[in-house]
Amino acid sequence: MSNYRVLERVSLGPNACVGEFVTIGVLPSNCEDIPETTIGADAVIRSHTVIYAGATIGEAFQTGHHVTIRENNRIGDRVSIGTGTVVEHDVEIEDNVRIHSQAFIPEFTILEEDCWVGPRVCCTNALHPLCPEVKECLRGPRVERGAIIGANVTLLPGVIIGKGAVIGAGSVVVGNVPEGKVAAGNPARVIKDVKELDCRYGLVDKPYS
């Protein structure tokens, strides 16, 4: 007898590896009909992960332990989500995205392909959390293709991190960051171009081409 649960209307692709105490297809509290949940081939879903009903997930998906993925998410191929991370509902995650451990990805966040989200990154989506109309104006950040978000970064609601930009560890991003720029600090400010970054260990000429 397995010690994980795959609930109704869940489709798991071939070669899926599902760890102990995983639950896939949890019905949201406000949902009467059971939406379909699909996960592509070659998934590795580690112990204590919970995936709600209505998620559409591509091939070669991986989670760490104790990951929560809410309903109505669209997740591409070769996406990796680290231990302890929470992905709320209605999030779009494109191909080849790497999210490290203990990140928080709230509703209406968009992570474009090839972007990298470091450990304990906190995205936000509510400018005024106690406003009576807060649900009408939720806006998650948009991290464009190939951008890198360093450890312990906070992204405020609706900010756009441009293609290939790099956000330094511990930064608080309150406004948009242009394509190809490095931003750091609290509040984060652009400090240089990505092409100016060097490898401090001398292993490569430039870490990002």
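In which sense do strand β9 and strand β12 pair, parallel or antiparallel? In this predicted model, β9, residues 62-63, and β12, residues 80-81, pair in the parallel sense over two bridges. Strands of a sheet pair through backbone hydrogen bonds, and the pairing can be parallel or antiparallel.

Both strands belong to an open sheet of ten strands, in the order β3-β6-β9-β12-β15-β18-β21-β24-β26-β27, and the pairing in this sheet is mixed. The edges are formed by β3 (17-18) and β27 (188-193); each has a single partner strand, so one side of each is left without a neighbour in the sheet.

The partners β26 and β27 run antiparallel. Five bridges join β26, residues 181-185, to β27, and A184 has R189 in β27 as its bridge partner. A hairpin of two residues connects β26 to β27.

Now consider the whole chain. The chain has 27 strands and zero helices. Its radius of gyration is 18 Å, close to the 17 Å that the globule rule gives for 209 residues, so the chain is as compact as a globular protein of that length. Along the principal axes, the C-alpha trace spans about 55 × 50 × 20 Å. Of the 209 residues, 43% count as buried. The chain exposes about 10,900 Å², and carbon and sulfur atoms supply 49% of this area. Among contacts between residues at least 6 apart in sequence, 22% join residues at least 24 apart.

The structure holds zero aromatic pairs. R70, however, lies over the face of Y52, at 4.8 Å from the ring centre.

Methods
Residues numbered from 1 in each chain as written. Predicted model: local features only at pLDDT ≥ 70, side-chain atom pairs only at ≥ 80, totals over all residues. Heavy atoms only, no water. Pairing = 2+ DSSP bridges. Helix = DSSP H or I, 4+ residues; strand = E, 2+ residues; numbered from the N terminus. Phe/Tyr/Trp six-rings, centres within 6.5 Å; stacked < 30°, edge-to-face > 60°. Lys NZ or Arg CZ within 6 Å of the ring centre and 35° of its normal. Rg over C-alpha atoms; globule rule 2.2 N^0.38 Å. Buried < 20%, exposed > 50% of the residue type's maximum accessible area, 1.4 Å probe, protein only. Contact = heavy atoms within 4.5 Å. Areas by Shrake-Rupley, 256 points an atom, 1.4 Å probe, with all protein chains shown as cover.
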